[in-house]
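Student: I'd like to learn how to read a structure like this one, feature by feature. Could you walk me through it?

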Amino acid sequence: MTFQKTDLMGNPYETLSYNVQKNERVMYLQAAAHDSMPRAPGPRISGRGGGMGPSEASPMAACMIPRDVDYLYQRTCLMKILVAVKRVVDYNVKVRVKSDNTDVDIANVKMSINPFDEIAVEEAVRLKEKGVATEVVAVSCGPTACQETLRTALAIGADRAIQVETDAQLQPLAVAKLLAAVQAKESAGIILLGKQAIDDDANQTGQMLAALLKLPQGTFASKIEVADGQATVTREIDGGLETLRMPLPAVITADLRLNEPRYVTLPNIMKAKKKPLEKFSPADLGVDPAPRLKVLKVTEPPARQGGVKVSSVEELVEKLKNEAKVI
Ligand code: AMP
């Protein structure tokens, strides 16, 4: 019996052959028949009778194969999750501007995984633990030091890591192009990012990536549910919550309330050191990461003026009206 595998756009790319009675893959299918995962709509792998067809196999195999091949496809191909992690100045550090006003000073400053990316990795790992995803791949773009950030993602529970190594100053469009090129290699079902990096506060990369890949996007996710080849994303908007449903693959960006990342244990930090880390250069991926925007000046916010104590409500109202002129 042969099956035509299709990619996520429905284009055929691989034909699999099974000997329904003997092949061990069929044993896997039989095991899957007892699993309670719901069946996804529409075949991702379609049976094309040939060789030994279902009718020639045992009655049990014959009745379960179409459902389980579809399910197997979802588990093995569709539900890889790619998570983008950025190395940023630790959120506890008070950032200082360089004296020549060209950038912030990161020399000898503690760096960490971007907090929203830590939430994104946690969510990907939880989806894997629920059996929705089969593999979590963390990706970071930047200098060699990004490997520390990737090791943090691996310690949370990602399975392997990819570093796009470059010393170039990366702007969101360049990162989106690099991530799009990684996705072209990986064909993940979900690409998870943080909603924004706390250094540039750009909040652009996820949206640009979705546009480049022509994929649906669910930004600022505070809840993600995956079933039947679709993601249901609850997002926080002004004055309430919005719930979106989108077919996979999709780009999703993590908001603060999506989850609380787990505490990374020492044994997991040790295990993370042995997990695979693959490296590419932007040239390997065919991307020019050169900045498209020029930063003219970086300055500190104006220092806050000290407050004053008022002795009565009348005095407060008078000051708000006549001094601050806000009422
Ligand atoms: P931004 O658009 O810069 O606010 O970043 C939004 C998200 O894009 C971050 O939370 C990361 O998930 C991802 N991202 C941005 N820059 C990088 C990078 N250099 N490497 C990996 N992911 C990144």
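Tutor: Gladly! This is a predicted model, where local features need pLDDT of at least 70, side-chain atom pairs count only at pLDDT 80 or more, and totals for chains, interfaces and linings use all residues. Residues are numbered from 1 along each chain as its sequence is written, and side-chain values use heavy atoms, with hydrogens and water left out.

Student: In what order do the strands of the open sheet come?

Tutor: The general idea is that strands of a sheet pair through backbone hydrogen bonds, either parallel or antiparallel. Two strands pair here if DSSP finds at least two bridges between them. Strands (E, at least two residues) and helices (H or I, at least four) are DSSP runs, numbered from the N terminus. In this model nine strands form an open sheet, ordered β12-β11-β10-β13-β9-β4-β7-β8-β14, with mixed pairing.

Student: Which strands stand at the edges?

Tutor: Those are β12 (240-247) and β14 (277-280); each has a single partner strand, so one side of each is left without a neighbour in the sheet. From one strand to the next, the twist averages 30 degrees.

Student: In which sense do β7 and β8 pair?

Tutor: β7 and β8 (residues 160-165) run in the parallel sense, with six bridges. Within that pair, Gly 142 is opposite Glu 165 of β8.

Student: Which strands does helix α5 touch?

Tutor: Helix α5 (residues 172-186) packs on the sheet and touches β4 (80-84), β7, β8, β9 and β14. Contact means heavy atoms within 4.5 Å. The direction of α5 makes about 145 degrees with that of β7; axes are lines fitted to C-alpha atoms, for helices over the stretch in contact, and angles run from 0 to 180 degrees between N-to-C directions.

Student: What about the hairpins: how many residues lie between β10 and β11?

Tutor: Two residues lie between these strands, and Asp 228 in that hairpin takes a positive phi near 55 degrees. β10 (residues 217-227) and β11 (residues 230-237) pair in the antiparallel sense over six bridges, with Ile 224 bridged to Val 233 in β11. Val 233 also has a bridge partner in β12, Leu 244. β11 and β12 are antiparallel as well, over eight bridges, and their hairpin has Gly 239 in its turn, with a positive phi of about 80 degrees.

Student: Where does Pro 249 lie?

Tutor: Look in the loop between β12 and β13 (250-254). The peptide bond from Leu 248 to Pro 249 is cis, with omega near 5 degrees.

Student: Now the ligand. How many residues surround it?

Tutor: A residue is near a molecule if one of its heavy atoms lies within 4 Å of it. Here 18 residues surround the ligand, and the closest are Asp 117, Ala 197, Asn 203, Gln 204 and Thr 205. Asn 203 has a positive phi of about 55 degrees although it is not a glycine, and sits in the loop between β9 and α6 (205-213).

Student: Which N or O atoms lie 2.7 Å from an oxygen atom of the ligand?

Tutor: One is a backbone N or O atom of Ala 197, and another is an N or O atom in the side chain of Thr 205. Both are polar contacts, meaning pairs of N or O atoms within 3.5 Å. The protein covers 98% of the 490 Å² of accessible area that the ligand has on its own, by the Shrake-Rupley method with a 1.4 Å probe.

Student: Which element gives the largest share of the shell?

Tutor: That is β7, with three residues.

Note on methods:
Polar contact = N/O pair within 3.5 Å; in protein donor to acceptor, adjacent residues only side chain to side chain.
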